[in-house]
Structures are given as structure tokens and as C-alpha cells.
Amino acid sequence: METRELRYFVAVAEELHFGRAAQRLAMAQPPLSRAIQQLERRLGVVLLHRSSRAITLTKAGSVLLREARFALEAVEAAERRTRRAAADRPGVVLATKAGASSELLSKLLDAYAAEPGAVAVEVMLCGPGQPESLLRNGRADVALLHRPYDTTAGFDTEDLHTEQQVVVLPAGHPLAGRPHMSMAEVNALTDLPLPRWPRPDGSYPDGPGPQVRDHTQLTQLIMLGRACAVMPESLRAQLRDDHAIVPVPDAPAVTTVIAWPPHSRSKAVADLVRTAIRL
């Protein structure tokens, strides 16, 4: 399969409409339809169920959509990393979630800068789920990820730190003085629903909780009594006096990991990983 065909198929599979997909690809609809039909004939499978009313993905089409996204990301990553390697001033791009692992990140950057042969480290602070995506598409060379919230499949990783989680409530809430709470009790707080974070495609899951995009927005909603949140215990240092913290012993522990592509041969990435492990 060619990358051009994969891009065509992904556009149709995501739009589920040949006209919109053709517009997105800046091409006419007939050659797009023919390209998908040729792809199906060569693979020997039906990728799309077509009717006068709608287009739906077959089981094979769903598999190809998932695999095609990974394949196109890998191609884009190769392009970006190749260009970066040819830059006059080599460096490393590190992606991490804004507000997470701040103390670890500060120590890591200071310790690595003191290493002989250290190169410049560009830090990309981004929203939840984005560090993983930036690492997969080649915009980042290395990332700090957090299991179980981030997926580390396909990366080489080293565990750096594991911590328990707490629920953050508005100060003055009747449960703020509890010694601990269970996840069942947290989920039962109908007056303080858990927030809804965006999926990789930008859509939000259904639910009563408010839609949030970043940590600052979330903490303000908690302060206003519109939501609660379960988060790693280390984030308590970034909260204000108008927030209360209650441990949640049965919430899954959060492990901070440093991740990088398994095929990376960058000495700078290796040195940065070794520094992180030593810390």
C-alpha cells in the first residue's frame, strides 16, 4: 500500500462521506472513489459498506483505519526526525503534560545540562494525552508519560516514579475532612461530577461532568464547586488554599515513565534517559 492510498482511506473512514473526504483532500470525488475501490480489490476485502443513505466501516475497514493512522504517523515522524537530525544545532524535544511531574522535570533538565556533551532540550508543555501523540508523530524525541492515563505501547520506557492518587474537592465541602475516600464514593458525588477530558480526535465522552482542556481550567471549576478530580498526589503542591485533598487508596497508582521510540539511535536521547533513571 502507498501512503497516498492510506491518506485517502483515512479521510473517507473519518468523514464517512466521499464528498466531504474529497473536499478535505482537495481533490475530485470520482478519482477518490476509484482509489478506494482499487485498494479493496488489491487487498481482497470490503473496507466500506456503501448505501444511498450512509457509509459505514466494515470490521476490516476499522482495522485498516487504526493501522493506517499508526503507519502515517510513523512516516511523518521519520520525516520530522530526519530534518531535525540535519539541523545546524542539534537538540532534543521533550514533551510532557503541563503541570505534571514539574519537580522531576526541573531536576532532570538541570542534571542533564551538567552532563558533558549535553545538547539543548526544547520542552513542549501540552495537554492531557498530547505528549504520547507528539512522540508518536515525531514532533518529540522523548516524553514523560503517566500510566495508566497514557498508552506506552510501541515505546521503550523506564519507570521513574510511582505515587498514589487523591481526590481534589472545594475547600469547605462536607467531605473535605475525611481521612480517605473510595472511588465508589468519588463517583457518587453527583454535586461534583468528575470532568470529561477530550479524546485524541477532540471529541468528549458523554457524561454529566464539565468538559475540560487543561489543569488550570479544572482547578478553577473545582474551586467554584462545579467538579472534583482524582489526580496524582504530587499535584497538591500546585493547588491553592481553596482546594481540599482527600486520599483515595483504591484509585490506581500513577507511574511516571520516560518514553522514546524503540528505533531511536540518538545519543542525546540515550543520555537524557540515563540521567532520568539515575535521578
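**Exercise 1. In which order do the three strands of the open sheet lie, and which are the edge strands?**

Solution. Start with the order: the three strands of this open sheet are arranged as β8-β7-β9, with antiparallel pairing. Please keep in mind that you are looking at a predicted model. Next, look for strands that pair on one side only: these are β8 (229–232) and β9 (243–247), the edge strands. Then turn to orientation: with direction ignored, neighbouring strands of this sheet are turned by 40° against each other on average. Finally, check one pairing in detail. Strand β7 (residues 165–170) and β9 run antiparallel and are joined by five bridges.

**Exercise 2. Find the strands joined to β5 by bridges, and state how each pair runs.**

Solution. Begin with strand β3 (residues 91–97): three bridges join β3 to β5, and the two run parallel. A landmark for this pairing is leucine 94, which stands opposite valine 142 in β5. Move on to strand β10 (residues 254–260), which runs antiparallel to β5 and is joined to β5 by five bridges. Here the landmark is leucine 144, standing opposite isoleucine 258 in β10.

**Exercise 3. How do the axes of α2 and α3 cross, and which residues make the contact?**

Solution. First take the geometry: the axes of helix α2 (residues 18–25) and helix α3 (residues 29–43) come within 9 Å and cross at roughly 105°. Angles of 65 to 115 degrees count as roughly perpendicular, so α2 is roughly perpendicular to α3. Next, list the contact: α2 contributes Phe18, Gly19, Ala21, Ala22 and Leu25, while α3 contributes Gln29, Leu32, Ser33 and Ile36. Sorted by class, the residues of this contact are six nonpolar, three polar and no charged.

**Exercise 4. Repeat the analysis for α1 and α3: what is the crossing angle, and how do the contact residues divide by class?**

Solution. The axes of helix α1 (residues 3–15) and α3 come within 10 Å, crossing at roughly 110°. By the cut-off used above, α1 is therefore roughly perpendicular to α3. On the α1 side you will find Glu5, Tyr8, Phe9 and Val12, which meet Leu32, Ala35, Ile36, Leu39 and Arg42 in α3. The tally by class is seven nonpolar, no polar and two charged residues.

**Exercise 5. Where do alanine 26 and serine 101 lie, and is each one buried or exposed?**

Solution. Now take alanine 26, whose phi is near 60°, a positive value. Alanine 26 lies in the loop between α2 and α3. Its relative accessibility is 72%, so alanine 26 counts as exposed. Serine 101 also has a positive phi, of about 55°, and sits in the loop between β3 and α5 (102–113). At 14% relative accessibility, serine 101 falls under the 20% cut-off and therefore counts as buried.

**Exercise 6. What is the geometry of the peptide bond from arginine 147 to proline 148?**

Solution. Read omega for this bond: omega is near 5°, and the bond is cis. Then place the residue: proline 148 is in the loop between β5 and β6 (156–163).

Conventions. Residues numbered from 1 in each chain as written. Predicted model: local features only at pLDDT ≥ 70, side-chain atom pairs only at ≥ 80, totals over all residues. Heavy atoms only, no water. Pairing = 2+ DSSP bridges. Helix = DSSP H or I, 4+ residues; strand = E, 2+ residues; numbered from the N terminus. Axes fitted to C-alpha atoms, helices over the stretch in contact; angles between N-to-C directions. Parallel < 35°, antiparallel > 145°, perpendicular 65-115°, else oblique. Contact = heavy atoms within 4.5 Å. Nonpolar A, V, L, I, M, F, W, Y, C, P; charged D, E, K, R; others polar. Buried < 20%, exposed > 50% of the residue type's maximum accessible area, 1.4 Å probe, protein only.
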